[in-house]
Amino acid sequence: MELPVPRFLPPLEPGFRPAVLANRAFRAAAQAAGGPALAIALERADGSTSRYDTVVFPDGHPRAGENLKYVERIVKFLLWQRGGWRVTVGGPQRIGAYVAAQYCAEGPRAFDADLMGRQVYERPFEVVVTDVASVPPAAESTKALGRHLDGCRIGFDLGASDRKSSAVIDGEAVFSIEVPWDPRNFADPKLHYDGINDSLKRAAEHLPRVDAIGGSSAGIYVNNRTKVASLFRGVSPADFDQHIKEIFLRLAEEWGGVPFDVVNDGEVTALAGSMSLGVNAILGVAMGSSEAGGYVTPDGTITDWLNELAFAPVDYSETAAVDEWSGDAGVGALYFSQQAVSRLTDPAGIEVDKSLHQAEQLIEVQKLMAAGDARAAAIFESIGIYLGYTVAHYADFYALDNLLILGRVTSGAGGDIIIDRANAVIAAEFPELSGVSIGLPDEKARRVGQSIAAASLPVIG
């Protein structure tokens, strides 16, 4: 694909080529060339379906070869934004066949196909190649999430570098705590269980009783069952199936069967923003050990989409960094997380012990930032430029009025730089998005706000 050079270049990664610029330039050129329509549908377990319509170059056009990468990258984004076990590609047969070959058991995107099929939706993943007229229509579903503030509640948030918990009485947090941990290296499921339970007990000490428990965690959860979560990557597949899949159901039993809900941390990020700001059409992005995303619709509900933006591509550069887990390049986790800070220390000329946990590396960079170190500032300037272009990219897939960012990466002065650079990019490159508000919660809410919002998840009675 032709990759337009952005007007703003990240100071530490001048090779960055934003997905949004490439996609928009491709569509404009394909439309001008009189290209055919192409439709993509993604079906999820309950039969709900998402549909995305676009245009490609006609066969025989000098740029027709670009159709393959363009459509594959769109499919990749949609899979992690919306989810699906069956992908239907309607349009030129060559394009659909290419996507099917990419997402088969032996293809480059086998990780995505296996995770979506076997782990998330528990059925074989498939790509159906057909014509546009045969692509299923959209059939989306939404539901209410959280906002329950009555009673004595515990809220918790599980990250890869710490776990947070709060005691909440009638919507007011009376206690919050962060406990450092490193769960990705825990091979014993009991260490996970005991750590989570310890956080619940600490919060419970500050409540007269426990009426409900709500939690958020990186990963994919369905009916309180763990489907996929990087926090548990150190656990063997056998132990995952036996002990981790239903870890929260067992915790609920230990706590006397009180209402107990766990959802993806990105959804709680968006919920926290919607509740605190009093707005909807909000995308929450948590920049922690990875990138978490969540979305509240314009009418204040949530969808059944995955919103796992950590694996959604944002950079189409041939030199983009490669994610160690999925094996794909240019995905969000490498641009909006502690991983991003860690990988940018070398080009910034900052010597950090890479044997340290990435959360500890971030702390070292933030200390330099607080001391006015220009090298540290360049890291956050780069992340802010990434974000500006990626907000526009997200706006092509979400009805978006508000973006809330939080997580450890946004703490301190670095968070202000991220916001400033992102707004500068949007003002200059995407003036049509000038009405989109990009915000940070206050410092306390950045660090423990998710566990407080999580407390509002369960319904009491």
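Helices here are DSSP runs of H or I with at least four residues, strands are E runs of at least two, and both are numbered from the N terminus. The model is a predicted one, where local features need pLDDT of at least 70, side-chain atom pairs count only at pLDDT 80 or more, and totals for chains, interfaces and linings use all residues. Residues are numbered from 1 along each chain as its sequence is written, and side-chain values use heavy atoms, without hydrogens and water.

View 1. A pocket is an open set of points on a 1 Å grid over the protein atoms alone, where a 1.4 Å probe fits, with protein on both sides within 12 Å along at least five of seven lines; lining residues have an atom within 4 Å of a point. Of its 32 lining residues, Lys143, Tyr221, Val222, Asn223 and Asp304 sit closest to the centre.

**View 2. What builds the largest pocket's lining.** Two or more residues each come from α4 (110-121), β5 (142-143), β10 (220-222), β12 (260-264) and β15 (302-303).

View 3. Elements giving two or more residues include β6 (152-158), β7 (162-169) and α13 (443-454). The largest share, three residues, is down to α13.
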